[in-house]
Amino acid sequence: MPEHPRPPRTGRFLNGQIHLNGQGFLAVRDEHAIEEMDKADCDPATLDRTYAQFPVINSVVSRWHSVYKQRIRPLLSSTRSSTLLDIGCGGGDIPAALARWAARDRLHLTITAIDPDPRAIAYARTHFAGAGVEFRQTHSSELVSEGATFDVVISNHMLHHLAPTELRVLLTDSAALAEDLVVHSDIARSRLGYALFSVATLPLAVGSFIRRDGLTSIRRSYTPTELRAILPEGGALSPHVLTGICCSIRRDSSMFDVIVVGAGPVGLFLGALLLQEGLTVRILEQRTGPSTHSRAIGIHPPALAALDAAGVAEAMMTEGVQIGLGIARSTGAEVARLSFANLSSRYPFVLALPKPARKRCWRRGSVRSIPPLSSVVSA
């Protein structure tokens, strides 16, 4: 008599007990588990004690000092300021630590830390008031809408709070907000990690959400295989301590087809033409603000024809002055005159337009459907 096939095993954690009715405990992500800290009616005193214990837990589990040394510090400078965004900052201990390490290394780093939970922001502002970090109660999507960008974007132990569709939105927001590097550090779901965390945090079981929520987080977290299926192209995973995982997306020159050095009129013009050809472009500029001086103000008909191909000639002609005749004088007397009428049937003039006005026309966008310039950043 043939045996009946065994039903597939799944695992759930209910009322503090492990129920095996499938593939085994932690084989499936428990996306329905809710952390106590996420509940609006959780005890405020216990919540504050939990925030206060985060620096110890994060130093052991997340190891952000190693991330700082290996991934973030090489991007920083002692002569120009870099910017960093921490999404889902919680109690604020990690951005405060990053600011402290950068200051110790005499590197200029401006940090913004965001969290949608007003309780977390209130705690961070109170306990890290002098850390040199701006704490804001907002979402990453709102920063994207504002057009904000940062050199580095990070998050700590936040991915497991999100469903796959929400995680994809976060990764999209991160890519839009980051100029150079995205680093998301989170827990990796594993039985070994669950057992180790359960034992190590026994002293914190009373008067804090650390142990209970930590075990819930592990059940909610993703495995490396699950994250790889969600990460965009260019993302990479690496082991992060024993129970964690670190996913990063580096946006560097290898991700662009062409790099243009110099964001003057010629550089912007070239970038627009390359984008028309379907290439990805990054434009680098050393200066942090537009120049107020012009090296030349005349745009001749061949250049206007080229600018029209890029879609900005009409905007420039609206703002500039069309010169159809040039007259040379000496001591009040006319020496010579030059008509531009026969230079071109389409543009029978030289267009006078100072360099700052030309750059304004580029930045406003063209009258044709040219994709926007990928980025103009300080090198």
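In helix 7, the residues Gly193, Tyr194, Phe197 and Ser198 are buried, meaning under 20% relative accessible area with a 1.4 Å probe and protein chains only, where over 50% is exposed and the range in between partly exposed. These four residues cover an arc of only 130° around the axis, which puts them on the same side of helix 7; the arc is that of the directions from the helix axis to the C-beta atoms. On the face turned away from this buried side, helix 7 carries the exposed residues Arg191, Leu192, Val199 and Ala200.

The model is predicted, so that local features need pLDDT of at least 70 and side-chain atom pairs count only at pLDDT 80 or more, while totals for chains, interfaces and linings use all residues. Residues are numbered from 1 along each chain as its sequence is written, and side-chain values use heavy atoms, with hydrogens and water left out.

## Packing against helix 8

Helix 7 (residues 191–200) and helix 8 (residues 210–220) pack at an angle of about 180°, with their axes 10 Å apart. That makes helix 7 roughly antiparallel to helix 8, a term for angles over 145 degrees. In this pairing, Gly193, Tyr194, Phe197 and Ser198 of helix 7 meet Ile210, Arg211, Gly214, Leu215, Ile218 and Arg219 of helix 8, where contact means heavy atoms within 4.5 Å.

## Aspartate 173 in helix 6

Aspartate 173 lies in helix 6 (residues 164–177) and is buried, with a relative accessible area of 10%.

Terms used
Axes fitted to C-alpha atoms, helices over the stretch in contact; angles between N-to-C directions. Helix = DSSP H or I, 4+ residues; strand = E, 2+ residues; numbered from the N terminus. Parallel < 35°, antiparallel > 145°, perpendicular 65-115°, else oblique.
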